[in-house]
Amino acid sequence: MKHTKRYLVGISALLVLVVGGGVALGRALNKDDDLMEDTTPKTMDVILTEIRSLMQDYSIEAYIIPSVDAHNSEYISRHDRRYQYVTNFTGSAGTAIITLSKAAFWTDSRYHLQAEGEIDPTYWTLMKEGVPGVPSRDEWLLANLSPGAQVGTDPFLIASTEFERLSGVLGRQGYRMITLERNLVDIVWNNRPPQTSEDLLPLALTYTGQRASDKVQALRVALQESGANAIVVSALDEIAWLLNLRGSDILYNPVFFAYIIVSHTNLHLFTNPERINETIRAHFRAEGIVVDVRDYRDILAGIEEYVRAGNRLMVSTACSQALYAAIPADQRIQVYSVVAKMKAVKNEVEAYGMRRAHVRDGAAVVRYLHWLEKAVDGGNVTELSGAAQLREFRSQQDMFVDLSFTAISAFGPNGAIVHYSPTDETDRVITRDGIYLIDSGGQYLDGTTDVTRSVHLGEPTAFQRECFTRVLKGFLSLASAVFPAKASGTVFDVLARKALWDVGLDYGHGTGHGIGSFLGVHEYPPSFVSNSASPSNQGMVENMFSSNEPGYYEPNQFGVRIEDIVQVVKASVPYDFNGRGALTFHTNTVVPIQQKLIEPSLMTPAEIHQLNAYHRRVLDEVGPLLKQQDDLPAFEWLTDATKEIVIS
């Protein structure tokens, strides 16, 4: 890829917006955020002092800083990590709120332990979401605002649905939610990394299975059915999927910064025009689409052109307040993303590619686990060096492009931090005296992988075996489920938790997330979560792919998680739910589950039979590839790791 360009800058830095509850007309700096002269790092005290000074200029008492970018992305570029700049928190989810005298940061249970180690209590109060007694963001704001106060945020960084909800909460108590024409963090962030604008990668029909023209036509049918004249697409993975293009603007996520407007006759792509070279134009011709390329910063102007012409525009429930407010209410149709639902159901080519990618990925993980077993006694394998070795094994596989996320390589107490990523400061040596949890994945041209295995290289305790086995029981229960089409994701969440609940154990994260085909490692729908009202709980249909990942985490001691990627397939059962259709799961991941951590007395004969059958599959599918790669020691290790458990 070519060097990063200083091209794309935040739209909110260039335009004055009148959106939502109002616009604050404070001072606006016209200087490019990336070209600030003094790049000396600022202390936390200076950062907060400068933001509070700007808040007074804008007449707001509280300022909200979410952990997303203008496209509501979960994983964001370094250029967009505003919440990290002001808090030092490096996780992928959280919300910072700054008032004139206080600062608080909310994050969910995946990150509680991590946030404790990164948030400076001198400046920030950590709010552990889900813990009894911890106020919600709404409650905290209402308790810390003076009568008639205004709360501000960047309209590009808050979903329209959340803006409307919070505006209602505040409005009923006499407060006002407004959006600002400048992001306050951008103004004070003097050493901000530049935005990325890398080359694009055309993805062949061999991998996509469907031309872009067919996808666009299906989208136009949806427009016709809804009575809309055009749709605004802002989610980066949806744009990449729709155009059969991939990028590298965000680490490990093969997407690129862009917006799209699709009408019945036109397709407008808003991105950096410089990267639409002859290769990309030839790709568009081969895909059967005519694309009007416009500047990334012109998206609001593009929407305004359709609005002035009297068109009705469709937007998703996840779109930003900035896009939402640019369309008058009587011309706006807002629904759960049509493109997301189309993309979630893989075609046969994508489904086949996902299966094959997981076999190659399985070979890489097996080689790593075998290597780890041999190398651990040297005393120099750490979480970081282990993750690097796993990446090396993946890089040797056909069609490998990159990792799909930063590996969660966690030994002992670090395994209890659900989304832990090792750093130079936290890096632990892996030994035989604890559980090692490795959650990792790869991006391949034909698919995306995400797999977690927990292993003990010594002798596990009885409690560790019980926890692991109860996680395994839930994992097997979900994997073998038979269910009617459109079943809710909450069903599978309960199946995965029951064996833990039976003895009063639980885990604080969801049980499953959708996954892309050489796209995001997390995509929605589907999702297996406890909350039936989750917008991504759209119901399961054939050829959806999801993770299956129950776990258990003993604070400051160990973590256990088992994760495979499963595919929804048709089930063969005596009855068919009265014609509704019977479905089940096919497990794509092919990596052995460590038998040393299993307590056989807690397993039923059916569960042992299921695990034995899975392990036969792992050996049959991964074994030949290991031989082909001339790694006979790893093959022998795999043969032993998949040996049949004999029922006594």
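Which residue in β19 does Asp-402 stand opposite?

Reply: Asp-402 faces Gln-443 in β19. This is a predicted model, in which local features need pLDDT of at least 70 and side-chain atom pairs count only at pLDDT 80 or more, while totals for chains, interfaces and linings use all residues. Residues are numbered from 1 along each chain as its sequence is written, and side-chain values use heavy atoms, without hydrogens or water.

The strands β16 and β19 (residues 442-444) run antiparallel and are joined by three bridges, where pairing requires at least two bridges found by DSSP. Together with β20 they form an open sheet of three strands, in the order β16-β19-β20 and with antiparallel pairing. Strands (E, at least two residues) and helices (H or I, at least four) are DSSP runs numbered from the N terminus.

Another strand, β24 (residues 523-528), contains Pro-525 as well as Pro-526. A cis peptide bond links Tyr-524 to Pro-525, with omega about -5 degrees, and a cis peptide bond also links Pro-525 to Pro-526, with omega about 0 degrees. Most peptide bonds are trans, and most residues other than glycine have a negative phi.

Against that background, Phe-518, in the loop between β23 (512-514) and β24, has a positive phi near 50 degrees, and Phe-518 is buried, with a relative accessible area of 2%. Ser-59 has a positive phi as well, near 60 degrees, and belongs to the loop between α1 (44-57) and β2 (62-66), but Ser-59 is exposed at a relative accessible area of 51%. Buried here means under 20%, exposed over 50%, and partly exposed in between, with a 1.4 Å probe and protein chains only.

The second largest pocket has a volume of about 370 Å³ and is lined by 19 residues, with Ser-109, His-112, Ala-416, Tyr-553 and Pro-555 nearest its centre. A pocket is an open set of points on a 1 Å grid over the protein atoms alone, with protein on both sides within 12 Å along at least five of seven lines; a cavity is a set where a 1.4 Å probe fits but cannot get out, and lining residues have an atom within 4 Å of a point. Volume is the space filled by probe spheres set on the points, which are joined across faces, edges and corners. Both α3 (112-118) and β26 (551-554) supply at least two residues of this pocket's lining, and α3 gives the most, with three. The second largest pocket lies between domain 1 (41-188) and domain 3 (348-640), because both give residues to its lining; the domain bounds come from an automatic or database assignment.

The structure also holds four cavities of 30 Å³ or more. Domain 1 (41-188) and domain 2 (201-343) both contribute to the lining of the second largest cavity, so it lies between them.
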